[in-house]
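Please look at the sequence and structure first.

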Amino acid sequence: MSAALEAGASPRRVAWRRAVYRFGQSRLSLVGLALSGLVLAMALFGGLLAPYPEHVAGGIATGARFAPPSLAHPFGTNELGQDVLSLVLAGARVSVLAGLAVVLLGALVGTALGAIAGYAGGWTDEILMRLADLKLTVPGLILAMAVAAALGPGLLNMVVAIALSWWPGFARLVRGEVLARREEPYIVAARAVGVGRVRILLRHLLPNVLTPVIVKVSLDVGFAILAVASLGFIGIGVKPPTPEWGSLLAIARSYMPDFWWMAIFPGLAIFVAVLGFNLLGDGLRDLLDPRTRR
Amino acid sequence: MLGFVLRRIALTIPVLLGLTVLVFAIARLLPGDPVALAAGPNATPAEIEAYAREFGLDRPIPVQYWTYLTGLLSGDMGVSIFTRRPVAEDIAAYLPATLELVLAAMLLAVGLGLPAGLAAAVWRDRWPDTVSRVLALGAISMPRFFLGLLLQLGLAMALGWLPLGGRFPITEDPPPLVTGLLTLDALLAGDLRALGLALQHLLLPAVALSLSPLATIMRMMRASTLEVLSRDYVLTERALGLPEWQIIGKYVARNAVSATLTVIGLYFGWLLGGTVLVETVFDWPGLGLYATKSVVTQDFMPVIGVTLVIGTLFVAINLVVDILYGVVDPRVRVT
Amino acid sequence: MRIDAAQGLSRRGLMLATGGAVLAAGVPGRAHAQAGRKVLIIASNQDIPNFDPHVATGYSASFLLRNTYDSLVRVRGNPPTPVPALASSWSSSADGRSFEFKLDPAARFHSGKPVTAEDVVYSFRRALRLNRGNAWMIQGVVGPDSVRAVDPGTVSFALLKPFAAFLQVLPWIWIVEKAQVEVNLGGDDGQGWLRSNLAASGPFRVRRAEAGNLYELERVERPWQAGGGDVSHVIWRITRETAAQRLMLQRGEAHIAVDLTSEDMDALKDRPGVVRIIEPEYRTFSIKMNTRHGPLADPELRKAVSYAFNYKAMLDAAGYADLMVGPLPHGILGHDPNLEVYRTDLARAKEHLARSKHPNGGLKLTMVHVSGLEQQRRWALVLLDSLKPLGFELDIKPMIWPDMVAACRSPETFPDFFPVYQTANYGDPDNIAFAAYHSSRNGNWQNAVYANPAVDALIEQGRGEQDEARRIAIYRDFQKAVVADAPDIFGVLERRKLALRDNVRGFVFTPVASNAIEAFALSLA
């Protein structure tokens with residue numbers, strides 16, 4: 001690292017720049033950044049980029065069914081003559097945003113409950129943590145399936161079903177951090193001068209546990225996208241005509257040997273999205289979490 | 001030792017009780033009309049009422065929970081709305097297939113993951129390491145169902161080398177039922193042909209299921225090998241001129257046993273969840289396929305039953321791993 | 001009948017063929033052939049959850065029942081005609097109200113006991129009492145006291161009212177062995193026992209039942225029925241994906257595939273060893289509208305929708321199919337091929353829209369469909385696209401079939417659009433007319449809401465009339481009256497698509513429930 005970089009900068013900024021430099025040195029992290037940026041852009045603007053926006057809204061063209069990939073339809077067309085590229089681009093919206101929503105919802109609920117458990121201790125802690133433990137006895141996908149079966153299909157129900165098995169991870173993490181910090185001198189001092197419990201929790205404790213939470217969010221997004229696609233593949237997903245990667249793949253299964261393009265491209269989209277966020281998450285963890293630095 | 005085992009077993013009781021509470025809460029407390037669902041759609045309002053009375057669904061929730069719990073103790077998991085078959089019977093029929101698939105995937109993951117991880121560590125930063133790293137990254141991000149479809153598309157559909165799905169050729173009579181695991185039953189019967197057929201069917205789903213844990217085991221093995229290799233005694237042995245392969249065989253292999261034990265415990269639950277998608281793709285007649293079919297038809301009791309059984313299995317496996325740990329490492333017994 | 005046995009060997013076919021040869025050791029069928037058994041494998045995507053002949057419905061159950069149970073008469077041929085089964089002969093009165101059946105003295109249940117008139121009486125009463133399964137076909141026509149055992153070998157029927165298609169529905173009322181059911185009665189009229197056990201006299205019995213996977217039948221040692229083919233075992237293999245069914249057929253791992261799509265049929269063209277059967281069948285598909293509740297209670301709006309619908313796209317998506325002309329299927333007695341029906345015409349759609357209560361659109365309508373039924377999903381998307389020019393949105397809800405049936409209970413719970421496949425169990429216009437348009441069926445899925453007294457009167461006339469020319473005239477009037485009300489978007493008649501290996505011998509196509517394969521007459525070369 002050059003001396004010029006460090007000259008005249010505050011220690012905090014230096015650390016930041018170092019981290020960014022390190023991130024930039026890691027080729028895989030950069031690939032992750034690029035891929036997840038691409039996927040996020042698809043999620044936000046995919047519908048606008050779609051060459052056949054009418055197909056995204058459910059329009060059909062039964063005269064051009066099952067066309068193999070060509071210039072007009074780079075990913076081919078499906079059983080109703082819809083442009084697969086358009087559907088994949090637009091499908092990013094549900095798949096990625098639902099994945100983000102799951103993790104953010106899980107993070108929000110988990111952080112709140114974890115902080116309360118860690119700070120309050122006693123029975124509150126005991127009950128909340130036993131509740132979180134229960135999640136560990138049932139694989140997330142099975143639990144999500146059970147909840148989705150009870151709630152019925154639909155995007156919101158799907159997000160809730162997955163988030164229900166996501167919060168305990170965050171709760172444990174935050175509780176651990178809060179427990180580790182609640183006896184630190186500045187907290188003890190704050191308590192001594194009569195600062196209220198809620199205020200201590202919100203102003204002093206939470207900001208300090210935010211970093212690991214952010215790292216976990218970034219690490220989890222890829223897996224959440226995978227979970228959303230999995231439920232979509234099983235058939236508990238969005239309602240038609242909304243395109244979603246998992247359900248596109250499920251439909252394509254019936255047509256697989258002849259019309260492979262209907263399956264390959266949505267599948268690749270899931271793979272690329274998950275890979276991108278996983279790489280980005282790994283990179284961010286190395287960047288933000290001091291414990292993993294080597 | 002016995003005290004330790006008993007204590008461990010006692011500790012799982014509240015966990016299992018909690019599991020029943022969780023399952024019951026999903027069944028009864030979420031919006032949706034369990035009575036109408038359970039009575040079936042052709043039921044008239046009068047029939048629904050009669051059903052509610054018969055199954056005690058008109059009574060207070062705690063009473064209902066008690067009834068449900070006592071029902072479970074006598075092996076009653078309710079009845080499927082669709083088939084009207086007892087859920088417990090169905091689960092008993094499907095469980096062996098799932099166990100066989102999960103065990104096969106675990107075997108693949110451990111059997112390939114450990115040597116690959118070892119190789120990656122020994123040739124650190126050389127090509128085996130790089131290749132294993134890239135593969136691991138891909139494997140973890142690969143949706144199992146997509147991988148399954150690709151394997152099917154290539155090896156079963158285009159090349160025709162392996163069966164598309166299922167557990168055994170349908171025109172053949174499976175080996176006599178002993179364990180329910182076809183490969184094992186074939187071995188027990190000494191029927192090598194049946195074993196071959198069962199393995200042909202098992203291969204693709206097991207590969208699709210094993211990839212992700214394989215990658216993780218490989219990376220963990222690499223890390224622990226590197227750690228051992230950097231320890232003082234290894235350096236000493238090396239300085240003493242002991243051949244490299246002996247060092248690795250002597251120290252790393254032992255280290256791997258305890259690491260693997262943890263990993264199996266951790267991943268068993270994961271595989272039980274992951275098998276759902278793989279079974280769906282390969283028409284593997286196990287719990288996962290049963291659960292997905294039931295979810296799609298909103299047939300509720302089977303889904304709840306599968307959740308409960310898989311949860312219980314997972315708790316049981318953790319218990320076994322814990323106890324084995326106690327055997328391997330006596331220090332654990334204190335806690 | 002259109003059958004084309006493929007001769008050419010395409011490059012892909014060759015590839016698959018050699019791939020198959022490599023794996024010959026692993027290809028099933030070998031062991032059975034060696035053991036001298038002839039196993040016929042049928043690939044289907046439907047499970048057979050219930051064997052109770054008076055409860056189970058659906059074509060998969062029909063397959064099982066057709067092969068393991070007997071009825072008084074069976075149907076054969078194209079057009080389907082009643083032929084002797086348990087009854088070796090029968091006679092009827094001129095007014096069409098009394099029938100007398102002579103039972104075949106050779107008829108034996110699997111238990112070895114002879115089939116008697118008592119068993120027949122018991123079976124009809126049980127079917128009516130349970131009022132499930134196929135009971136609707138004789139409900140209101142056969143009363144509990146209508147069936148009488150004259151002597152052990154003779155059964156007489158005194159119908160409550162004349163019913164032109166009586167002989168056509170009899171193949172669907174199965175005869176159980178009274179003594180067997182009585183000892184296993186339980187608290188539910190034997191339903192618990194018959195769910196997974198047979199009390200039957202048919203040529204096959206169940207050998208293996210693996211729910212969700214396969215059902216294997218084996219021919220009974222000495223079936224009482226004369227003749228038949230050499231197939232000794234039949235496996236009903238549950239294969240969810242139609243593409244997988246097709247591959248099994250191509251690889252010789254299945255002999256008959258019954259759920260193929262039009263795309264599969266195209267891919268099978270020119271495949272060696274494969275015989276395709278693409279035949280019209282009396283199976284209608286239409287989208288019912290809620291004529292009693294909600295915006296579509298307005299006939300102008302229904303007409304607007306009927307004109308806006310993209311029939312061409314529906315036909316494209318259906319593949320091997322014909323557009324329906326009115327409510328009755330082509331070729332059935334009384335069908336009018338020149339009937340004036342709705343075809344896509346946006347100008348006229350907008351005229352009707354302007355006269356409706358919602359001239360500017362702006363509504364969100366609801367359509368349900370059976371989750372997992374690919375064709376219905378496609379058509380829902382066609383409807384969604386068709387409604388856009390009228391300014392309507394469509395909310396598509398995949399539902400499980402039982403929930404859809406439940407939604408039919410009242411006009412308030414019935415959705416705006418409800419897709420219905422109506423498979424004719426008997427080749428008479430009464431089947432579709434009565435089940436799908438008579439108001440007494442309101443609350444049932446075939447006709448949840450539509451009610452028009454004039455139409456009811458025509459259906460009843462047609463049912464009771466014995467003279468064919470007069471029946472034709474009545475059904476012509478019926479079709480005009482129904483089209484004028486526009487209760488349905490009259491959709492398509494999908495051709496029946498079956499594919500067989502060319503070594504299956506003795507197969508005769510019959511256009512009623514033809515996917516519930518009858519194995520008795522089949523042989524394997």
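## Backbone, packing and interfaces

With 23 C-beta neighbours inside 10 Å, Ala486(C) counts as buried; the term asks for 20 or more other C-beta atoms within 10 Å of a residue's own, while 12 or fewer make a residue exposed and counts in between make it partly exposed, with C-beta atoms placed from the backbone. The model is predicted: local features need pLDDT of at least 70 and side-chain atom pairs count only at pLDDT 80 or more, whereas totals for chains, interfaces and linings use all residues. Residues are numbered from 1 along each chain as its sequence is written, and chains are lettered from A and ligands numbered from 1 in the order in which they are written.

Ala486(C) sits in the loop between α17 (468-485) and β19 (488-494) of chain C. Helices (H or I, at least four residues) and strands (E, at least two) are DSSP runs, numbered from the N terminus. Phe66(A) lies in the loop between α4 (53-56) and α5 (84-120) of chain A. Most residues other than glycine have a negative phi. The table lists two residues with a positive value.

| Residue | Phi | C-beta atoms within 10 Å | Class |
|---|---|---|---|
| Ala486(C) | about 45 degrees | 23 neighbours | buried |
| Phe66(A) | near 55 degrees | 17 other C-beta atoms | partly exposed |

In chain A, helix α3 (residues 27-49) packs with α5(A) at an angle of about 135 degrees, and the axes are 7 Å apart. Axes are lines fitted to C-alpha atoms, for helices over the stretch in contact, and angles run from 0 to 180 degrees between N-to-C directions. The pair α3(A) and α5(A) is therefore oblique, the class left over when angles under 35 degrees count as roughly parallel, over 145 as roughly antiparallel and 65 to 115 as roughly perpendicular. Residues in the contact include Val39(A) and Leu40(A) of α3(A) and Leu89(A) and Val96(A) of α5(A); two residues are in contact if their C-beta atoms, placed from the backbone, lie within 7 Å.

Chain A also meets other chains. Here 37 residues of chain A are in contact with 40 residues of chain B. On the chain A side, α7(A) gives the most, with 11 residues. A further contact joins 19 residues of chain A to 21 residues of chain C.
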